[in-house]
Amino acid sequence: YLEDINDHDESSARYRVFGCPPGAYGIGILDLIEAKNWEDEHDFAKCYINWGGFAYSKSAPEGIEAKSEFTHRLSTVEIAIHNQDDREHDIFDSDDYFQFHGGMIATIKALSGKNPKGYFGDTSNPSAPKVRDIKEESLYVYRTRVVNPKWLESIMQHGYKGASEMAATVDYLFGFDATADVMEDFMYEQVAQSYALDKQTQKFYEQSNPWALRGISERLLEAAHRGMWEPKPETLADLKQALLMSDMALEGRSESK
């Protein structure tokens with residue numbers, strides 16, 4: 001605090017609560033991911049600061065632009081933690097997780113040049129709270145839901161919506177990996193096999209939602225192209241074939257109308 005006063009006035013040195021502009025919501029990183037308009041953590045950092053650089057305090061309850069103060073504050077952070085008090089949701093079932101928590105990790109890395117320690121606080125059982133490293137939490141969600149055959153079987157019972165949820169899961173794990181580097185090659189490999197290359201699953205997409213297979217294949221290929229994982233040669237070839245198959249299926253649907 002005393003050091004901050006040397007560079008900022010006393011009121012701004014007290015800023016601790018930051019958020020998006022008044023009346024807005026979000027941090028903007030989802031738009032970068034969807035538009036494929038990013039290269040590394042520096043692009044995420046620029047977006048995170050522009051969207052999150054508004055301070056809220058007793059002296060500024062309506063919010064005030066404080067991007068320089070936000071940048072300074074983040075550059076000194078060593079630990080980024082997200083606490084959650086329920087297990088109804090997980091880090092791979094919403095874009096908010098990778099936008100806010102992953103975005104913070106990416107921004108700290110871009111500003112400081114160091115990887116901060118990322119943690120997930122699980123307080124779903126108040127009498128036995130748990131704190132996991134963010135990679136450990138990612139592996140936990142990957143094993144218990146993402147590639148869990150029981151979950152996959154149950155979600156497919158929901159037809160079009162189920163396929164959409166599967167595609168969204170791939171998008172969200174991609175987003176978290178892009179911002180916080182949480183995925184290992186073997187995880188991508190199994191996701192590719194379970195979500196895109198399994199014959200029964202492909203048949204499910206064909207009948208329920210061919211757009212889902214296209215989106216999943218594209219996202220996994222994008223991750224490979226960006227060097228986020230190194231797929232086996234046969235997996236890469238099969239993903240390209242799956243994308244081609246989905247494009248042909250969708251083209252056939254449009255021609256039949």
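**Salt bridges and surface in a predicted model**

The structure holds 12 salt bridges. The model is predicted.

Biologist: What makes Arg 132 and Asp 122 a salt bridge?

Modeller: Their closest N and O atoms are 3.7 Å apart. The cut-off is within 4 Å, so the pair counts. Arg 132 sits in strand β6 and Asp 122 in strand β5, 10 residues apart. Arg 132 is buried, and Asp 122 is too.

Biologist: Why is Asp 247 called partly exposed?

Modeller: Its relative accessibility is 28%. Buried means under 20% and exposed means over 50%, so Asp 247 falls in between.

Biologist: Which residue does Asp 247 meet in a salt bridge?

Modeller: Arg 214, at 3.0 Å from N to O. Asp 247 lies in helix α13 and Arg 214 in helix α12, so the pair ties together parts 33 residues apart in sequence. Arg 214 has a relative accessible area of 33%, so this residue is partly exposed.

Biologist: How do you know that Glu 222 and Arg 219 are separated by about one helical turn?

Modeller: They are 3 residues apart in helix α12. Glu 222 and Arg 219 are buried.

Biologist: Which residues do salt bridges with shared partners join into one network?

Modeller: Arg 87, Asp 122, Arg 132 and Glu 137.

Biologist: What makes the nonpolar surface patch?

Modeller: Ile 79, Ile 81 and Val 131 make a patch of about 280 Å². Ile 81 lies in strand β4. Ile 81 has 44% relative accessibility, so this residue counts as partly exposed. Patch residues need over 30%, so Ile 81 passes that cut-off.

Key: Residues numbered from 1 in each chain as written. Predicted model: local features only at pLDDT ≥ 70, side-chain atom pairs only at ≥ 80, totals over all residues. Heavy atoms only, no water. Patch = residues over 30% accessible without salt bridge, like charges linked within 9 Å, V, L, I, M, F, W, Y side chains within 5 Å. Areas by Shrake-Rupley, 256 points an atom, 1.4 Å probe, with all protein chains shown as cover. Salt bridge = Lys/Arg side-chain N within 4 Å of Asp/Glu carboxyl O. Helix = DSSP H or I, 4+ residues; strand = E, 2+ residues; numbered from the N terminus. Buried < 20%, exposed > 50% of the residue type's maximum accessible area, 1.4 Å probe, protein only.
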